[in-house]
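Work through the exercises below with the structure open beside you. Try each task before you read its solution.

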Amino acid sequence: MKTYLLEIKYEFLKALRTPQYSLPTIIFPTIFYYFFGVLYGGKKAGGVKMAEYLLATYGAFGVIAAAMFGFGVTVAVERGHGWLEAKRVTPMPIASYFVAKLVMAMLFSSIVVLILFTMGAFLANVTLPFVKAVTLFATLVSGAITFCALGLAVAFYAGPSSAPAIVNILYLPMAFVSGLWVPIQFLPPAVRDIAQWLPPYHYSQLALHVIGASRGQSVAYHAFAMLAAALLFAAIAFHGYRRDVSQVH
Amino acid sequence: MFDTPAIFSGVTRRYGTVEALRGLDLTIRRGEVVALLGANGAGKTTAVRTLLGLIKPDSGEVRLFGGDPRDAQTRTRIGAVLQHARVPETLRVREHIHLFRSYYPNPLPIEEVIEAAGLTGLERRKFGELSGGQQKRVHFALALCGNPDLLVLDEPTTGLDVEARRALWKQVRAYVARGKSVLLTTHYLAEAEALATRVVVLDKGRVVAQGTPQEIKGNAATLEDAYIELLEVS
């Protein structure tokens, strides 16, 4: 138990002390939200105020970055540079390594989402009932799990220098096509069809559903898609981990 | 048997068409400092990695204190310095030690680890702010955290200047004086001569010679001369 707590603590400290990680994950969503949510917050999207709508989608945008970069890139680097191996020769329970990174990614996700909530409340007059706000927060932060799994899958196949590029190539187009930058109903129908196959789409629809601004597909459908994606990515990551451990390559 | 730190029996391991280990037999007894010598590709690192449970032998067996190297229980008794592990740079020396100590049931007190590895005064430094020699000392400190009975050092002084190398030798000797055992690989014959109670020469995945540094040296002027001669014969 003590190992788990210490592992989490130092994982969090490492992230805080790595500005290449902590700054973009926090600053990009807040800047985007400021421009599109606060300055143009009066317009409408999905039947609600733009400032409210974008709170859900930029929240999702921030969480995905915290998860994919925080989890995926750090594991790729530590694995590629032999640090994971140095830990594997100790009696450390291997689960503590991954649990700590998951908790760290969720803590960072919480920070990003809370900053956006604060901006929404004070700069854009977003007023969410308390229960809705808590549900939105919980939906956004728990979504980190799927994207941690995706990051981990990348980490076990990519090298330490290619992992950040691969994460970016997956993250940015997926986020755009799924309607995290610009509301999905403003995108062409062909793009919307592609979005159905992308986890960030289902994730943002779950968040939008909380504030009554989703496209009306069922919550179960989106939740199932998120769960299926998480399991698929986790299975790919596990396969990569096994390959490392058994050294068959 | 259960007190014998390490036993390799008939260990083979191939990578594709390359046979890295071809029936390695080697026992490390309590209190011994065994230096594993050999050219690049002789199988030193593969031997170390099988011993640490990072690689599974194709055939043969490795036992650590009578147990399987892949068991967490067995690992509580060893500490290792791996050749290429890059320690996260943003954590402080003391933080790294704090975390590693938590992996072991009976860790050394933190101050003792810091002193034994010669890190006094550097506890608050981040790993990335240390010199190469100081970083190696952190690796050594992390290997010491669990108060291991066997230390495995894979080229612990490669890239260090003379002073740093000597300092590490001193720390290894102090550790051995407490009745512990060491397996180290090295390219420096002087290192083997200074530290080892037994030198084991590997060539093409097999032991081709072993003995005390004196025995290996025989009539040659230096251990290095004897070593070169050995490799030419084999």
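**Exercise 1. Confidence**

Find how confident the predictor is in chain B, and where its confidence is lowest and highest.

Solution. Start with the whole chain. This is a predicted model. Chain B has an average pLDDT of 91. Of its residues, 99% score at least 70. Next, go element by element. Helix H9 of chain B (residues 223–233) has the lowest confidence in the chain, with a mean of 82. H3(B) has the highest, at 97. Keep one reading rule in mind: where pLDDT is low, predicted coordinates should not be read in detail. Last, take the scores for the model: ipTM is 0.90 and pTM is 0.91.

**Exercise 2. Two helices of chain A**

Decide how helix H2 (residues 19–39) and helix H3 (residues 50–80) of chain A are oriented to each other.

Solution. First, take the distance and the angle. The two axes come within 9 Å and cross at roughly 165°. Now apply the cut-off: angles over 145 degrees count as roughly antiparallel. Therefore H2(A) is roughly antiparallel to H3(A). The crossing is right-handed.

Then look at who makes the contact. H2(A) contributes residues including Phe28(A), Phe32(A) and Phe36(A). From H3(A) come, among them, Leu54(A), Tyr58(A) and Phe61(A). Sort the contact residues by class: 17 are nonpolar, 4 are polar and none is charged.

**Exercise 3. Where the chains touch**

Describe the side of chain B that touches chain A.

Solution. Count first. Chain B gives 23 residues to the contact, and chain A gives 21. Next, find the elements. Helix H2 (72–75) and helix H3 (93–101) of chain B are the elements that each give two or more residues to this side of chain B. H3(B) supplies the largest share, 4 residues. Finish with the classes: this side of chain B has 14 nonpolar, 5 polar and 4 charged residues.

**Exercise 4. A sheet in chain B**

Which strands stand at the edges of the sheet in chain B, and what does that leave on one side of each?

Solution. Write down the order. In chain B, 3 strands form an open sheet, S2-S1-S4, with antiparallel pairing. Read off the ends. Strand S2 (18–28) and strand S4 (59–64) of chain B each have a single partner strand, so one side of each lacks a neighbour in the sheet. Neighbouring strands are turned by 25° against each other on average, direction ignored.

Now zoom in on one pair. Strand S1 (residues 6–15) of chain B and S4(B) run antiparallel and are joined by 5 bridges. To see one bridge, go to Ala6(B): its partner in S4(B) is Leu64(B).

Methods
Residues are numbered from 1 along each chain as its sequence is written. Chains are lettered from A and ligands numbered from 1 in the order in which they are written. This is a predicted model: local features need pLDDT of at least 70, side-chain atom pairs count only at pLDDT 80 or more; totals for chains, interfaces and linings use all residues. Axes are lines fitted to C-alpha atoms, for helices over the stretch in contact, and angles run from 0 to 180 degrees between N-to-C directions. Angles under 35 degrees count as roughly parallel, over 145 as roughly antiparallel, 65 to 115 as roughly perpendicular and the rest as oblique. A crossing is left-handed if the near helix is turned anticlockwise from the far one by less than a right angle, and right-handed if clockwise. Two residues are in contact if their C-beta atoms, placed from the backbone, lie within 7 Å. Ala, Val, Leu, Ile, Met, Phe, Trp, Tyr, Cys and Pro count as nonpolar, Asp, Glu, Lys and Arg as charged, and the others, Gly among them, as polar. pLDDT is the predictor's confidence in each residue, from 0 to 100. Two strands pair if DSSP finds at least two bridges between them.
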